[in-house]
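Take a look at the chain below. Follow the strands as you read.

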Amino acid sequence: MAKKVLLLCGDYVEDYEVMVPFQALQAYGIEVDAVCPGKKAGDVCRTAVHQFSGHQTYSESRGHNFALNATFDSVDPAQYDGLVIPGGRAPEYLAMDESVLTMVQKFVQAKKPIASVCHGQLILAAAGVVANKTCTAYPAVKPALIDAGCQWVEADTGNECVTDGNLITGATYFSHPEFISQFVKALGGTVTGSDKKILFLCGDYMEDYEVMVPYQALQALSCTVHAVCPNKQAGDKCPTAIHDFEGDQTYSEKPGHEFSLNASFDQLNFSEYDALVIPGGRAPEYLALNEKVIEIVREFMEKGKPIASICHGQQILSAAGVLKGKKCTAYPAVKLNVVLAGATWLEPNPIHRCFTDGNLVTGAAWPGHPEFVAQLMALLGIRVSF
């Protein structure tokens, strides 16, 4: 039976904490309505990039513009199976909104799953729904939660996720794999076929969403996911780029999160992996010049293993000579590379369209992640059922 969940948004919600669950849950076949008090479907919420940069607290910079797809005043909590509350700065003022608190209380009274991350738990505290509940959050939220009567679990690493009945709380966006997995389970979901090992081919200034959304969405399915970058080791970081359309003739670019690699490029046996994922952004421009990268792509294609490439990632596929006779799409500016490489161009209209041709999944841009991840899941035999 199909599930439908509500995502509670606000201006300066944390960028990853709104988009990763939004698109991951959609990829699993769950309908997600994103709403914000005072806004309607089609409006946007500005997001914030929060990360630690060596200071006493996290830094903040501007993220993507997140488009809402439902109107807050029109939603009925009774029509939803669960609620997701992202963090960032939005919860500080959403916790003062009586309509928000009433909505949260209705989900609790109906005993429906609620998943809240980072600063989102401020809303739970204000709604008076954490008394005698075991939960965690971003450490600065601890005093409010303790005063609200919760049993506090210290978040030592940011990866912590705590489930107490129908309440799932995560410390930061690093907890997303467990956070999303537990929420799907609470909705009655079962995952099959997830014993897969997947390789992500990363580089400096890859697009922020295009690496993290599929990375954490696949981890939440219990897949083994390794992210590598030429000339870097496990624990090293890749700076990312935020690409968005803001009224100019082409996309704008802003600094994104720093993405942590979890494997070393030079130490892997690439033949052990079941699939390859290539994010877009600016990294593919120069990764396409790396002979080892080209060799890896050719090996996956020759063995018929799934390759999922999005946006500018197809520049690498073109350079590897693996597109001849294939049907695929890409970011429109990459059409030249795709056509010259001998592929049949598939117009990405609308921009979220993704296509599968044999073992190849291609997408045009990050709005297509739900289709992109779902089509890769289909090739790998991974299924989420309710």
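Predicted model: local features only at pLDDT ≥ 70, side-chain atom pairs only at ≥ 80, totals over all residues.

Residues are numbered from 1 along each chain as its sequence is written, and side-chain values use heavy atoms, without hydrogens and water.

The unreviewed UniProt entry places "domain: DJ-1/PfpI" at residues 3-185 and 196-378. Such annotations may be inferred rather than shown by experiment; positions follow the numbering used here, and feature names are shortened. Helices (H or I, at least four residues) and strands (E, at least two) are DSSP runs, numbered from the N terminus.

Six strands form an open sheet in the order β15-β13-β18-β19-β23-β22, with mixed pairing. Two strands pair if DSSP finds at least two bridges between them. The edge strands, β15 (224-228) and β22 (354-357), each pair on one side only. From one strand to the next, the twist averages 15°.

Inside this sheet, β18 (275-278) and β19 (307-310) run parallel, joined by three bridges. Ile278 has Ser309 in β19 as its bridge partner.

Now the hairpin. Strands β10 (161-164) and β11 (167-170) run antiparallel, with four bridges between them. Thr163 is bridged to Ile168 in β11. Two residues separate the strands, and Gly165 in the turn has a positive phi of about 65°.

Key:
Axes fitted to C-alpha atoms, helices over the stretch in contact; angles between N-to-C directions.
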